[in-house]
Amino acid sequence: MTNLERTRQQLDPVGSLGHRLFTVLLVSAGVVYAIYSTVSHPSELSSPPLAVLALMWLFGAWLVVVVGTSSRRGPFTRNAHIVVHLLALGSIALSVASEWDLNTAVQDDFGPVALGLLILAMGPYRPASEIVGAGVLSAIFVGFLTLLEAPFLVASSAPTLVYVLVSTAPLLAAAFASATYSRSMVKEIERWREHDLQDVAATRDDVLGGIERSVQQDRVTVLGRDVLPFFNTILQHGSISGDDRVRARTIADSIRAIMVAEADRSWLELLFTSQAPDLRQLEAVVADPAVCAAAMATEQRTALRAVIVAISDESSFVPNSLHIGLRKGAQTCHGVLRAEVGASDFESRSRFLPYVALMRVVFSDVRVGFRDSTLTLEFAYEQR
Amino acid sequence: MSLGLPAHLAPLAGRRSFILAQHVVAITILIAFVFSLFATQSAQLGAVIWPGTIALLPAIGLLLLGKRTLNSGWAASYLVAIGGGIYGVIVVIGSQPHPVVVGAGFSFISLKLAALMVGGTGASAIVGVGWTFGGFLVAELATMGAALTLGNAIRVDLVVLGVAVAIAVAILINNPLSRRQILAQPRVRSAVHAEQLAALRYRVEVKAAALMHDTVLNHLAAIAETSGGALSRELADQIRRDVESLVSEDWLSQGSNGEVAQSRSDWQSSGLFLAIQEGRMLGLDIDTTGDLPAVGRLERAKSIALGLAVKQCLVNVLKHSGTRKAEVAVYGAGELLSVLVVDGGRGFIEDATPSNRFGLKVSIRKRMEMVGGRVDVWSTPGRGTSIMIQIPIGQGIPGAKQSVQPSDPQ
């Protein structure tokens with residue numbers, strides 16, 4: 001099994017692609033506000049170089065979010081989330097230092113707003129508990145910084161607690177809101193999945209009956225050729241001759257040979273047989289000498305299947321051009337899929353974006369290349 | 001594999017989650033404001049500003065109930081409550097005989113932001129935008145009303161208007177689905193279902209292979225290994241019975257139907273009991289020990305699989321061990337049933353078994369894996385063989401009802 005985190009991005013990789021524009025605008029708004037806030041209060045700057053440095057650190061956090069949430073990258077990770085917080089907190093600390101002794105009010109400081117927007121942007125990408133945890137820890141740090149600078153604030157007649165509340169409330173509000181969004185979307189997805197599984201369970205007996213009849217028919221066809229006539233002959237004669245013994249051994253060997261061949265075929269090879277109606281008898285070359293396909297988890301098989309179906313459905317797909325190779329590494333299996341999709345590289349990139357996003361969630365080291373109308377998809381996964 | 005949300009549900013789920021997040025922002029802001037009021041009150045004992053908190057309580061209460069009542073009636077009530085709260089707080093603070101330091105520590109903007117977070121109903125994004133500007137209007141009208149009451153000048157707060165516009169944009173661009181995404185969703189869903197079907201088929205194939213081995217291959221081996229002459233009555237009966245079974249319609253469906261699979265039986269009609277009986281009929285001397293009635297706690301499908309697997313163990317003893325004595329021990333502690341089949345025969349090395357031998361591989365191991373069990377084999381050449389089959393007693397077969405995924409399909 002792959003260990004999917006309870007985030008919208010990982011439980012609904014295709015649907016979550018739509019968040020990107022919102023995410024970029026949200027975090028960019030924080031950077032723009034930080035620049036505006038800094039240049040509009042020049043009299044409060046005791047150290048302009050530190051103020052510039054603060055903006056640069058914030059830009060670093062912006063960059064991590066913008067690059068990390070790109071559809072060409074993998075899922076946004078916990079480490080990236082931590083880096084975003086650390087960079088933003090560094091920026092806030094530098095900003096406080098740059099206004100040391102001259103800051104007049106905390107409510108126009110950019111730190112809490114900019115970090116708050118970064119936290120809000122995490123909603124589709126990180127689990128609720130992590131967002132709250134990181135948000136609360138950051139709020140504590142920012143509150144501590146506010147305590148340090150409170151004595152120098154011009155309007156120091158207000159209670160210090162009020163300053164702390166002003167600087168931490170945006171962070172707490174953003175963390176709780178972002179976590180609520182994350183949890184709510186995950187619940188909606190899980191509710192739908194539950195509903196879908198119930199549908200599958202409700203029709204399971206009918207489906208199973210059909211499969212059992214089909215498998216039984218296959219077996220009876222095999223048995224009907226040699227085995228059943230042989231058994232009938234033996235039963236009719238009521239005795240076993242030397243020829244019968246030889247024939248019994250020959251038939252057993254041929255059945256075993258069929259069973260060995262079936263056991264050695266991986267699910268990936270079976271995809272390109274009549275057992276996979278969604279692939280419409282697609283022909284492909286599968287090179288999997290070490291039977292690495294067997295090591296794929298259900299999610300990984302599903303994602304690869306979806307990619308193959310998407311490729312085969314493309315009208316510009318060149319038949320027989322699909323090659324899938326799997327090889328065994330020290331601890332991981334590596335896969336390469338190649339197919340001529342006949343479209344321009346840009347077009348292909350956009351067409352297969354949702355499926356690549358799906359692959360990125362369930363496989364590691366996913367690399368995509370488009371050259372001369374050929375799609376190349378590389379991926380890796382742990383051996384189970 | 002998660003299916004993700006289908007295209008027709010994703011926008012609604014996104015709106016609903018967005019509204020819940022807006023309400024959390026509002027409630028956090030209001031609670032922080034209440035704390036600020038108390039902190040200011042404690043610092044300025046001459047002022048009486050604590051009643052301002054009472055003005056905010058209806059809005060806070062509605063937000064706490066908001067999750068269950070996402071409708072236009074709730075949203076309208078919230079706007080009335082937050083409008084009243086803003087008016088009350090400004091009037092309470094503004095009517096103090098001595099100026100209260102508010103602007104330096106906090107401002108009324110946060111209260112107005114709470115009004116913008118009304119969210120509205122879970123309907124379309126446009127409706128959400130409408131409710132946001134409704135919140136802006138209410139906040140500004142409440143502020144103007146308070147200004148008129150206090151005799152102050154009236155002015156529109158452009159910062160709040162800017163935030164309202166930003167929220168409206170956020171509502172409109174939050175998670176739109178592109179054509180590619182809309183096309184991809186059903187394909188992913190269909191891939192999930194196809195995988196589930198493939199998994200079901202795999203289970204049936206394993207079951208068929210195991211049954212095929214139990215019957216056809218065992219009989220062929222028995223015929224090949226006889227010294228010729230008359231066909232024994234037992235073998236003839238078994239062949240006749242199995243041939244009839246193979247061509248009958250319920251050959252594969254035995255015990256796999258949902259309700260039947262979960263029914264239980266007593267020891268006398270369990271698969272294990274029948275397996276031991278058949279083993280004795282084949283000429284084995286079988287000792288049984290342990291908690292035999294515990295087998296009756298197994299669901300029917302598991303019981304059948306266990307019986308067939310143990311029968312294959314006993315057939316292996318008969319065919320390969322060189323002894324006619326075997327012991328079957330049952331341990332039924334807790335939620336795990338363990339069955340140990342032991343013989344003192346010649347033993348074997350499992351890894352050295354030819355790839356075309358399916359007795360242990362398919363009829364025993366794969367068969368038990370399909371019902372959530374596991375098989376361990378300890379065997380040393382010359383010192384006998386012990387096969388331990390463990391199977392969870394609890395409800396449900398992996399992949400049978402809740403999930404239709406095998407543990408290790410090839």
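**A loop, a sheet and the surroundings**

Reply: Let's start with A:Asp101, which sits in the loop between helix H4 (78–98) and helix H5 (110–121) of chain A; helices (H or I, at least four residues) and strands (E, at least two) are DSSP runs, numbered from the N terminus. This is a predicted model, in which local features need pLDDT of at least 70 and side-chain atom pairs count only at pLDDT 80 or more, while totals for chains, interfaces and linings use all residues. Residues are numbered from 1 along each chain as its sequence is written, and chains are lettered from A and ligands numbered from 1 in the order in which they are written.

Although A:Asp101 is not a glycine, its phi is positive, at about 80 degrees. Is this residue buried or exposed? A:Asp101 has 10 other C-beta atoms within 10 Å, so it counts as exposed. The cut-offs are these: a residue is buried with 20 or more other C-beta atoms within 10 Å of its own, exposed with 12 or fewer, and partly exposed in between, the C-beta atoms being placed from the backbone.

A:Val291 also has a positive phi without being a glycine, in this case about 50 degrees. A:Val291 lies in the loop that links strand E2 (284–287) to helix H11 (298–313) of chain A. With 16 other C-beta atoms within 10 Å, A:Val291 is partly exposed.

Five strands of chain A make an open sheet with mixed pairing, in the order E2-E3-E4-E6-E5; two strands pair if DSSP finds at least two bridges between them. At the edges are E2 and strand E5 (364–371) of chain A, each of which pairs on one side only. From one strand to the next, the twist averages 10 degrees; axes here are lines fitted to C-alpha atoms, for helices over the stretch in contact, and angles run from 0 to 180 degrees between N-to-C directions.

Now let's cross the sheet strand by strand. E2(A) runs parallel to E3(A), with four bridges between them, and A:Val286 has A:Ile324 as its bridge partner in E3(A). Strand E3 (residues 322–328) of chain A is antiparallel to E4(A) and joined to it by six bridges. A hairpin of three residues connects E3(A) to E4(A), and A:Lys328 stands opposite A:Cys333 in E4(A). Further across, nine bridges tie E4(A) to strand E6 (residues 374–382) of chain A, again in the antiparallel sense. There, A:Arg338 faces A:Thr376 in E6(A).

What about the wider setting? In soluble globular proteins, nonpolar side chains tend to be buried together. Here the largest nonpolar core has 115 residues, and A:Leu118, B:Ile29 and B:Ile86 have the most contacts inside it; such a core is a set of buried Ala, Val, Leu, Ile, Met, Phe, Trp, Tyr and Cys residues joined through C-beta atoms within 7 Å. Helix H7 (residues 160–225) of chain A gives the most to this core, 20 residues. Another core, of 108 residues, lies apart from it, and A:Leu322 is among its members, as are B:Leu252, B:Ile276 and B:Ala305.

Finally, the two chains meet. The contact takes 93 residues from chain A and 90 from chain B, with two residues in contact if their C-beta atoms, placed from the backbone, lie within 7 Å. On the chain B side, H7(B) supplies the largest share, 27 residues. Strand E1 (residues 239–240) of chain A also pairs with E1(B), antiparallel and over two bridges, and the partner of A:Ser239 in E1(B) is B:Ala230.
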